[in-house]
Amino acid sequence: MPFNVDPENVSAEMQLEIIEMQCSTHLKQLFLNSTKLYIYRVVQKAKFPKIIAYAQKILAMFASSYVCEQTFSTMKLRKNSIRNRLTNKHLFALLKVASSQLEPAFENIIENQKQFHISHTPTMVELWNKS
């Protein structure tokens, strides 16, 4: 929160950027009237590179801990007393699918398949016997 900090309590390399940001009435109004994350989208990276880099580090900590907690919860749901034969290899695959944000392209997969399952395709012997 660059507007809530005393510039003297900040490292020397960031003091000038903090002072310059606090002197900007436009940024101060933006900070008061919008979400706290929005200000880092609006601020020019060339003008305040150290503040933006520091904010990105702080925000990344929360995002990565959220993903970690979510993955542990998923693991707890997957590996329980009922599924006690689940190997670490299978658990890893389940967690990889659960924590991934990729969406499978089912339409492309179906279009590229010539036959879906070998047991659903009649053999030459079956075709010969029908005729």
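A residue is taken as buried when its relative accessible area is under 20%. By that criterion, 16% of the 131 residues of the protein count as buried in this predicted model.

The fold is simple to describe: the protein has 7 helices and 0 strands, so written from the N terminus its elements read α-α-α-α-α-α-α. When contacts between residues at least 6 apart in sequence are considered, 39% of them join residues at least 24 apart. Confidence deserves a word before the details. The mean pLDDT of the protein is 76, with 85% of its residues at 70 or more. Helix H1 has the highest confidence, at 83, whereas helix H7 (residues 124–130) has the lowest, at a mean of 59.

The largest nonpolar core contains 13 residues, and Phe-3, Met-21, Leu-27, Ile-39, Val-43, Phe-48 and Ile-51 are the ones with the most contacts inside it. Helices H1, H2 (25–33) and H4 (49–78) each contribute at least two residues to this core.

Apart from residues up to four places away in sequence, Thr-74 touches Leu-95 and Ala-98.

The structure holds 1 salt bridge, in which the side chains of Glu-20 and Lys-47 meet at 3.8 Å, N to O. The partners come from distant parts of the chain, 27 residues apart: Glu-20 belongs to helix H1, while Lys-47 sits in the loop between helix H3 (38–42) and H4. In general, side chains of opposite charge can pair when their charged atoms come close. Glu-20 is partly exposed because its relative accessible area is 38%, and Lys-47 is likewise classed as partly exposed, given its relative accessibility of 43%. Both values fall in the range between 20% and 50% that defines this class.

The surface has nonpolar features as well. Phe-106, Ile-109 and Ile-110 make up a nonpolar patch on the surface, and together they have about 310 Å² of accessible area. Of these, Phe-106 is part of helix H6 (residues 106–112). Phe-106 counts as exposed because its relative accessibility is 53%, over the 50% limit.

Finally, Glu-8 is found in the segment before helix H1 (12–23). With a relative accessible area of 67%, Glu-8 is therefore exposed. In sequence, Glu-8 and Ile-19 are separated by 11 residues, and their C-alpha atoms are 9.7 Å apart in space.

How values were computed
Residues numbered from 1 in each chain as written. Predicted model: local features only at pLDDT ≥ 70, side-chain atom pairs only at ≥ 80, totals over all residues. Heavy atoms only, no water. Helix = DSSP H or I, 4+ residues; strand = E, 2+ residues; numbered from the N terminus. Buried < 20%, exposed > 50% of the residue type's maximum accessible area, 1.4 Å probe, protein only. Core = buried A, V, L, I, M, F, W, Y, C linked by side-chain atoms within 4.5 Å. Patch = residues over 30% accessible without salt bridge, like charges linked within 9 Å, V, L, I, M, F, W, Y side chains within 5 Å. Areas by Shrake-Rupley, 256 points an atom, 1.4 Å probe, with all protein chains shown as cover. Salt bridge = Lys/Arg side-chain N within 4 Å of Asp/Glu carboxyl O. Contact = heavy atoms within 4.5 Å. pLDDT = per-residue confidence, 0-100.
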